[in-house]
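Subject: Model for your salt-bridge work

Hello,

Here is the structure for you to look through. My notes on its salt bridges follow below.

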Amino acid sequence: MQPQKVEKNESKLMSNFLNGIERVGNKLPDPFFIFVYLAVFVMLLTWIVSMFDVTVVHPGTGEELPIKSLISGEGLQFILGDMLSNFTGFAPLGLVLAMMLGVGLADKVGLFETAIKTTILSTPKSLVTYAVFFVGILGNIASDAAFVLVPPLAAMVFYTVGRHPLAGLAAGFAGVGAGFSANILIAGTDALLAGITTEAAKAIDASYIVTPVDNWYFMSVSTVFLTLIGGFITEKLIEPRLGTYDGDLKKDFQPVTSLEKKGLRNSVIAGSIYIALLLLIIFWPNSPLRNEDGGMIPSPFLGGIIPIVLIFFITMATAYGVTVKKIVKSADVPKYMGESMKDMAGYIVLIFAASQFIAYFNWSNLGTWIAVNGAEFLASINMTGLPVVIGFILFVSVLNLLIFSGSAQWALLAPIFIPLFMLLDYNPAFIQAAYRIADSTTNIITPLNPYILVILAFMREYDKKAGLGTLISMMIPYSIIFLVFWVILLFVFGLLGIPIGPGIEMYLQK
């Protein structure tokens with residue numbers, strides 16, 4: 001068979017596979033209704049199970065807990081009486097909204113876009129690919145905004161330096177999507193997932209808390225690790241396959257203006273002063289940000305990390321906005337913050353349904369029952385070590401093809417898997433890191449990624465014939481290779497006892 005025919009057959013098989021995924025995914029309801037249906041399902045399930053007087057012994061307290069029916073007088077009182085507290089008391093809600101006040105302000109005044117342009121354009125040509133990946137991975141600090149900022153800028157940078165623009169677009173999209181969870185900074189993702197994990201861990205230990213910095217060491221190393229691997233994939237696999245760009249597009253690149261450069265400079269100065277003051281307070285004798293023993297784990301500093309990061313972004317964004325005249329009066333600051341909150345409307349609506357489902361699940365003791373019996377089953381088949389973690393990662397990777405939202409997916413899975421793995425002595429933060437790997441690496445190959453259409457539009461500026469298959473075929477190498485090597489990196493941390501965050505290792509400390 002001729003190579004061209006082989007390529008066409010492979011393309012057809014891939015197209016059929018992706019079309020199948022798309023058909024299945026399109027049949028799923030909106031995530032809001034997924035949680036509504038799950039809440040109803042939990043209500044019916046608890047009603048049925050409670051008829052058989054099922055109980056479970058709590059592994060932490062030794063207390064015998066019954067499966068409580070939500071379809072009962074007590075259940076109705078809980079559903080109605082605690083509906084508002086389930087929502088307003090849901091840990092991720094306040095954390096994420098607070099973070100977005102600062103991050104959203106920085107995005108609206110243009111700080112992120114200027115920083116991205118400046119970082120990539122000032123890089124030597126030999127390091128452009130790696131700079132694109134590094135900026136793409138760090139771009140998740142701007143949440144989903146990075147999906148529409150980094151890839152087109154990366155394509156234009158590649159075009160400007162005489163390289164294939166689609167290779168740049170692929171690198172930018174892979175960095176933002178497949179590396180979404182990694183960062184050297186504490187991002188909104190850290191706060192969001194930590195809140196959900198904490199809620200799920202309460203089924204086993206009501207006092208257990210997962211903080212936004214519990215994956216920080218691992219994700220910081222992952223940022224460098226993925227940058228190097230992503231750059232290698234782009235230059236050795238993707239770009240050679242694309243060949244030389246011979247399109248007709250003629251496009252001028254708008255460089256960063258002198259005013260924007262000045263704004264970025266002032267922003268960095270303001271941020272540096274803020275960090276210097278923070279360090280001064282931390283290392284001041286008898287600092288109120290350290291614990292009674294003078295340590296940092298735990299400490300008021302870690303407990304207040306969200307307000308600290310929030311003020312950091314507000315400081316930098318304000319300095320930039322004032323310099324570039326985006327902020328000309330004090331009222332502009334809350335105005336931009338309000339605009340960023342509008343972007344969070346869908347998230348708030350989703351969390352209302354998700355918080356009720358998780359509360360129902362925990363109140364009924366169904367989660368504890370599933371976790372205890374699931375752990376006993378895994379122990380009975382001797383699947384309690386690394387194979388069960390690998391199985392979990394593969395499961396999430398596939399599920400992510402159908403449920404794109406990382407927060408929605410974790411809100412579904414955490415109440416089941418976090419208690420289960422805690423009973424197997426795994427640290428919830430370690431399992432959260434495993435989830436983040438699986439969720440990130442397949443972001444770029446699922447047709448249900450809402451930014452796929454945006455990326456396709458950018459692609460067609462350079463290649464009118466580019467389609468979904470074109471994009472997915474470029475993304476699959478990133479997805480598979482990232483998954484394999486990222487899992488290896490996680491287990492290197494775990495098996496060698498390297499903390500993945502401050503005081504956080506693979507297993508729970510006895």
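How many salt bridges does the count come to? The rule asks for a side-chain nitrogen of Lys or Arg within 4 Å of a carboxyl oxygen of Asp or Glu, and the count is six.

Some conventions before the details. This is a predicted model, in which local features need pLDDT of at least 70 and side-chain atom pairs count only at pLDDT 80 or more, while totals for chains, interfaces and linings use all residues. Residues are numbered from 1 along each chain as its sequence is written, and side-chain values use heavy atoms, with hydrogens and water left out.

Arg163, Glu235 and Glu239 form a network of salt bridges. In the pair of Arg163 and Glu235, the closest N and O atoms are 3.9 Å apart. Arg163 sits in the loop between α8 (145-160) and α9 (165-177) and Glu235 in helix α11 (residues 216-242), so the pair ties together parts 72 residues apart in sequence. Helices here are DSSP runs of H or I with at least four residues, numbered from the N terminus.

Arg163 also meets Glu239, at 2.7 Å from N to O. Glu239 lies in helix α11 too, so this pair joins parts that are 76 residues apart in sequence.

On accessibility (buried is under 20% relative accessible area, exposed over 50%, partly exposed in between; 1.4 Å probe, protein chains only), Arg163 is buried at 18% and Glu239 is buried at 15%. Glu235 is partly exposed at 26%.

Another salt bridge pairs Arg436 with Asp190, with 3.1 Å between the closest N and O atoms. Arg436 is in helix α20 (residues 428-441) and Asp190 in helix α10 (residues 188-201), 246 residues apart. Both Arg436 and Asp190 are buried.

Regards

Note on methods:
Helices (H or I, at least four residues) and strands (E, at least two) are DSSP runs, numbered from the N terminus.
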